[in-house]
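Open the model in your viewer and keep the selection tool handy. We will hop from stop to stop, and at each one you will learn what to select and what to look for.

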Amino acid sequence: MQTVKLVLVFVTAYLLGSVDFGIIVSKHMFKDDVRNYGSGNAGTTNMLRTFGLKRAAITVVGDALKGFVGVLIAKEIFKAAPLIAVKGFFTPPVMREIAVYTAVLAAVIGHMYPLFFKFKGGKGVATGFGGMLRASPVVSLLAISVFAVIALTTKIVSLASVTACVSFFVFTLAIQLYTHTFGASNAVIQLIAAFVLPSLVIYAHRGNIKRLLNGTEYKFGRNKKQ
């Protein structure tokens, strides 16, 4: 029964993630596809440099909501989990924790490889943040603060995204050590998620990382559609 619920969470969150707002906004407002420009992906950064701040704002809010709503659905599906231990480690609270991060993972995968748009989407930053904001609010706000500082000082969104991803794991580990929760069942799931999910987003930025090392990465503020 728990496995069926997890599959339901994954499929639902993946389908939510596949609703790519960058593509929808660009096609609805401009009769064009943002993936035809810039980096070729449907994320907020490409929307910003291609179609401007207003459309990028719509995109980031919509993409973040996908992850946020996916977590809400996971919590709803698992809120009535039976109050018994399953195989010792997998108690209901742990299963709920697994479901929550499964939803974030599925939403990010859906955003990167959207079923509705030929499996070519964005890089999952906004969607992952939206999900993690509901799953781990304190760590998420710390990570987004890092993102904001790096983005504003360097004007390189990819660098800010990668740095925020790394900081998410560091903050998660630091808080667990500070609160003496490191090693607890729920904390183990949180720490695994704090490593796996940011790693997936960082992997999606591998092309950006190469350009960063070469000194050719895009800085926001340049001309659009280039």
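Predicted model: local features only at pLDDT ≥ 70, side-chain atom pairs only at ≥ 80, totals over all residues.

Residues are numbered from 1 along each chain as its sequence is written, and side-chain values use heavy atoms, leaving out hydrogens and water.

Helices are DSSP runs of H or I with at least four residues, numbered from the N terminus. V7 counts as partly exposed because its relative accessibility is 49%; buried means under 20%, exposed over 50%, and partly exposed in between.

Next, select helix 9 (residues 185–204). Its 20 residues reach 29 Å from first C-alpha to last, close to the 28 Å expected at 1.5 Å a residue; the expected span is 1.5 Å times one less than the number of residues. Color its buried residues, among them A187, I189 and L191. Which helices do the buried residues of helix 9 pack against? They pack against helix 5 (92–112), helix 6 (125–135), helix 8 (157–178) and helix 10 (206–214).

Stay there and select Q176 in helix 8. Q176 is buried, because its relative accessibility is 3%. Beyond residues up to four places away in sequence, Q176 touches T181, F182, A187, Q190 and L191, where contact means heavy atoms within 4.5 Å.

Go to T154, in helix 7 (residues 137–154). With a relative accessible area of 24%, T154 is partly exposed. Show its side chain: a polar atom there lies 2.7 Å from the backbone oxygen of I150, and the side chain also reaches the backbone nitrogen of I156 at 3.2 Å.

For another loop stop, select S136, between helix 6 and helix 7. Is S136 buried or exposed? S136 is buried, with a relative accessible area of 15%. Its side chain makes a polar contact with the side chain of Y101 (2.7 Å). A polar contact is a pair of N or O atoms within 3.5 Å; within protein, one must be able to donate a hydrogen and the other to accept it, and residues adjacent in sequence count only if both atoms are side-chain atoms.

Finish with two backbone angles. Most residues other than glycine have a negative phi. Select K118, in the loop between helix 5 and helix 6: K118 is not a glycine, yet has a positive phi of about 60°. Then select H180, in the loop between helix 8 and helix 9, where phi is positive too, near 60°. K118 counts as exposed at 78% relative accessibility, and H180 counts as exposed at 72%.

Definitions and conventions:
Buried < 20%, exposed > 50% of the residue type's maximum accessible area, 1.4 Å probe, protein only. Helix = DSSP H or I, 4+ residues; strand = E, 2+ residues; numbered from the N terminus.
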